[in-house]
Amino acid sequence: MRRRRPGQAPAVLADGRALSAAMLRQLFVGQCLVLALHLPWMPVWLVGLAVAVAGYRHLQLRRRLPRASMLLRLTAVGGLLVALWLEFGTLHGMDGLIGLLLGVYLLKLLETHNRRDARVVVMIGMVVATAAFLHDQSLPMAGGALLALGWLVQSLVWLSGATGARQAWRETAWLLGLSAPLMALLFVTFPRVGPLWSLPQVDRASTGLTDEIAPGDIAELSRSDARAFRARFEGREPSPYERYWRVYTLSHFDGVRWSRAAPRELAEALGHPLDRFVREGLRSPWQASGAPRFTAELLLEPDSRPWRPSLGTPLASDSRQRFLADGTLEGLTSLGSRSLLRLSSSGAAPSSPDPAGLAWHAMLPAEGNPRTRELAERLWRESNGDARTFLAAVMARFGEAPFRYTLSPPRLTSADRVDEFLFGSRAGYCTHYASAMAVLARAAGLSARVVAGFLGGERHPDGHVTVRDYDAHAWVEVWLDGAWQRLDPTAAIAPERIEEGPQAIRDGRSVFLADAPFSVLRLRELDWVNRLRLEWERLEYRWQRGVIGYQRESRRALMARVSEWLRGLWAWLVEVSPGRGALVTGLTLLAALGSLAGGAWLLWLGWRYHRRARDERGLLLALQAWLARRGLGPEPGESPAAHLRRIAPRAGPAGPALEESARHLERLVYAPVGSAERRERQRRLARRVAEARRRLGRRKSSAP
């Protein structure tokens, strides 16, 4: 008997049931690959759990520890539940459920002792690897999942009788190569369906914006490079100073913070029906009909909140949305994964009045910020009661020294924070100036509100714009001449912020990207690094938009293009061929006959396979005849089982399948078996015979 090479360790031991140490190592490596997909979102102590379980199995194989008892396994599961509860605070959220699935997958190795257990571990690993896409659907995640899947499939091939790693990888590559065209076909043609269950989502927002802000809040977002969304424009592109992305309006001021009043809260407080504040549909009912100024396709990041950014006032969408009367937009649900949204917008503030009323947007607390109120009254008198002159005076005041724009504004601590800013620190970020201007406008009797959203974004060479957390911005809208007018005091004091983004602000520059010390954006001044970054982001954007964002509309458009191409090909054939009528008739008949012949052939193959699977003698006689044609025929007087056992040692990868075929044949022929066992053994025999023929067909035949 030939010696087994180091790479050909068996999956199971000689008894045919217990797993070898090599197979357990194979399963452990698969667990490590799957665990690596989840580590950016899962607790690091799961690595310790995986190592502890593998160490226990190693010592158990060395006979230094007994098999894991039921008490030990239950204790391990209980400890896992407690640890996950302490980590996430609940087991009902997405992270808690994924952590539980991942932990159970790692603990399963404690009770994996035979071939069936190993197959269960591999199948659980495939489910856990798929769950990683609930966290992220990026290109690196897809590559990592493909690597883990390849390893798990190779483990299954090894468990099925492969004699070594090289053969197992060869079989794995063959299987994955065969399945790739089917996967691509199903991806392109199969319609997307919604989930059949509801998975609780964690309260994770893609942006740091909230529905209430105080001076200094948005300044904190300059520390983060997290991506909020990406946009590609159809037709005219807005310039940097036109990219005001509205997210929500803040109309309630308590003296310190500006907050948003939800439509339902407004309806209940003012005694109006809800549909006066929000309506669902494809178009906004609040804005006058007309050609949109901008049309953009947004690739939105996952977000636990339903906000949808719009470039100015949203006008129409390609899917049903919730259009709010204040000129903002909400989705019907939060986003559990990246999603595409096509949106048309005006690029400007809303022209329709807010149903809450102008008085609502002119309210201030009864007391507080007395110096700001006095300043507003003085500027109003100097402007002779003209609103535009008053607002121009306020903007001019902000543009004068000693006011300055800074990424690290001093902390405001007094109860009259607007007074403290206007007459004390005089240094702040966009929220400081927007809040102060809105309070001054209201103190003069004007209707004003703060708008929170994003300004600008980085335009990539391929045309799409990336908007990040540090692009968060706040500005003011004032009701003038029968419409809302956008006023941005930042443009008066720091025009470079409007044109170039927050990275252009030098005051407090050390704060910019402080929460992202390893961000490649810090190296954007190095030309070659920046080019590599932009190229990677371009590739990732195409992946997200073309693969992850492949939705029903994309599938329909692709099918329409394919149908149009086929019709064009058919028209060309008819045009260039003589006897068009005869050609059409002949091709139609040929296609019909071909379809009938193909269907009949498939039915015959299925019937033949079914008949052979139920006739073990005929199956083995056909195998022996096939072997004889390759020089491996039976000797005179040799039984089929003896024949298979004789050639098995020389059959290479097909040897285990031939040995098992002989064992099943003897059991079926000589042993009294029930009908259920007979059917099961007949199925196994048919599979092993097919496996032996497949593997021998790839091997050069050798004479007996």
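1. The structure under review is a predicted model. I begin at its surface, where V520, L523, L526, W528 and L532 form a nonpolar patch with about 490 Å² of accessible area together. One member, L526, lies in the loop between helix 14 (495-500) and helix 15 (527-548). L526 counts as partly exposed because its relative accessibility is 41%, which falls between the limits of 20% and 50%.

2. Salt bridges come to 31 in the model. In general terms, side chains of opposite charge can pair when their charged atoms come close. One of the salt bridges joins E477 and R246, whose closest N and O atoms are 2.2 Å apart. This pair links distant parts of the chain, with E477 in strand 18 (residues 472-480) and R246 in strand 3 (residues 244-250), 231 residues apart. Are these two residues buried or exposed? Both E477 and R246 are buried.

3. E477 counts as buried because its relative accessibility is 1%, and R449 is buried at a relative accessible area of 0%.

4. D481 is in the loop between strand 18 and strand 19 (483-487), while R388 is in helix 10 (residues 387-398); the two are 93 residues apart and link distant parts of the chain. D481 is exposed, with a relative accessible area of 66%, whereas R388 is partly exposed, with 45%.

5. Three strands make up an open sheet in the order 1-5-4, with antiparallel pairing. Strand 1 (212-213) and strand 4 (252-253) stand at the edges; each has a single partner strand, so one side of each is left without a neighbour in the sheet. Strand 4 pairs with strand 5 (residues 258-259) in the antiparallel sense over two bridges. Within this part of the sheet, F253 stands opposite W258 in strand 5.

6. Helix 20 (residues 655-670) has 16 residues and reaches 23 Å from its first C-alpha to its last, close to the 22 Å expected at 1.5 Å a residue. Which residues of helix 20 are buried? They are G655, A657, L658, E660, S661, A662, H664, L665 and L668. As background, an α-helix has 3.6 residues a turn, so residues three or four places apart point the same way.

7. V51 is found in helix 2 (residues 45-61). V51 counts as partly exposed because its relative accessibility is 49%, under the 50% limit above which a residue is exposed. The C-alpha atoms of V51 and L106 are separated by 9.3 Å, although the two residues are 55 apart along the chain.

8. How many disulfides does the structure hold? The count is zero. Of the cysteines, I note two: C32 is partly exposed at 35% relative accessibility, whereas C430 is buried, with a relative accessible area of 0%.

Key
Residues numbered from 1 in each chain as written. Predicted model: local features only at pLDDT ≥ 70, side-chain atom pairs only at ≥ 80, totals over all residues. Heavy atoms only, no water. Helix = DSSP H or I, 4+ residues; strand = E, 2+ residues; numbered from the N terminus. Buried < 20%, exposed > 50% of the residue type's maximum accessible area, 1.4 Å probe, protein only. Disulfide = S-S within 2.5 Å. Patch = residues over 30% accessible without salt bridge, like charges linked within 9 Å, V, L, I, M, F, W, Y side chains within 5 Å. Areas by Shrake-Rupley, 256 points an atom, 1.4 Å probe, with all protein chains shown as cover. Salt bridge = Lys/Arg side-chain N within 4 Å of Asp/Glu carboxyl O. Expected span 1.5 Å × (residues − 1). Pairing = 2+ DSSP bridges.
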